[in-house]
Amino acid sequence: FYVLADFSAHLGGRWKDDTALALAFLEEAEVAAVPGAAFGAPGHVRFSYATPVANIEEGARRLQRFFAEKLRG
């Protein structure tokens, strides 16, 4: 029901840690995620895929736009 994705390569600059990144996902992309540090996996973010495929696809589109905007340049 969950995937634990490694975002450590994106942390330390714009996003201090996985908590800051998960909060940015929620506030800016409207995608809920849980910091991996809560599960003993700092640098990771946990997403649930226990939802209809259409919701997963929309969340993926939102995250794609989020990173396209934030990592541009």
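Is Phe 7 buried or exposed? Phe 7 counts as buried, because its relative accessibility is 12% (buried means under 20% relative accessible area, exposed over 50% and partly exposed in between, with a 1.4 Å probe and protein chains only).

## About the model

This is a predicted model, in which local features need pLDDT of at least 70 and side-chain atom pairs count only at pLDDT 80 or more, while totals for chains, interfaces and linings use all residues. Residues are numbered from 1 along each chain as its sequence is written, and side-chain values use heavy atoms, with hydrogens and water left out.

Three strands form an open sheet in the order 1-3-2, with antiparallel pairing. (Helices, H or I with at least four residues, and strands, E with at least two, are DSSP runs numbered from the N terminus; two strands pair if DSSP finds at least two bridges between them.) Strand 1 and strand 2 are the edge strands, each pairing on one side only.

Five bridges join strand 1 to strand 3, and here Tyr 2 stands opposite Ser 48. Strand 2 (residues 34–35) is joined to strand 3 by two bridges. Its Val 34 stands opposite Arg 46, and Pro 35 stands opposite Val 45.

Helix 1 lies across strand 2 and strand 3, running at about 40° to strand 3. (Axes are lines fitted to C-alpha atoms, for helices over the stretch in contact, and angles run from 0 to 180 degrees between N-to-C directions; contact means heavy atoms within 4.5 Å.) The loop between helix 1 and strand 2 holds Glu 30. Phi of Glu 30 is near 55°, a positive value in a residue other than glycine. Glu 30 counts as exposed, at 59% relative accessibility.

## Rings that meet

Now for the aromatic side chains. Rings of Phe, Tyr and Trp (its six-membered ring) pair if their centres lie within 6.5 Å; planes under 30 degrees apart count as stacked, over 60 as edge-to-face and the rest as tilted. By this rule there are nine aromatic pairs. One of them is the edge-to-face pair of Phe 7 and Phe 47, at 6.3 Å centre to centre and 65° between the planes. Phe 7 lies in the loop between strand 1 (2–6) and helix 1 (18–29), and Phe 47 in strand 3 (residues 44–48), so this pair ties together parts that are 40 residues apart in sequence. Phe 47 also counts as buried, at 12% relative accessibility.

The rings of Phe 66 and Phe 67 have centres 5.2 Å apart and planes at 90°, so they too form an edge-to-face pair. Both of these residues are buried. Ring pairs link Phe 7, Trp 15, Phe 25, Phe 47, Phe 66 and Phe 67 into a cluster.

## Charges over rings

The charged end of Arg 46 sits over the ring of Tyr 2, 3.6 Å from its centre. Arg 14 lies over the face of Trp 15, at 5.6 Å from the ring centre. (A charge sits over a ring if NZ of Lys or CZ of Arg is within 6 Å of the ring centre and within 35 degrees of the ring normal.)

## The nonpolar core

The largest nonpolar core has 16 residues, of which Phe 7, Leu 21, Phe 25, Phe 47 and Phe 66 touch the most other members. (Such a core is a set of buried Ala, Val, Leu, Ile, Met, Phe, Trp, Tyr and Cys residues joined through side-chain atoms within 4.5 Å.) Helix 1, strand 3 and helix 2 (53–70) each supply at least two residues of this core, and the largest share, five residues, comes from helix 1.
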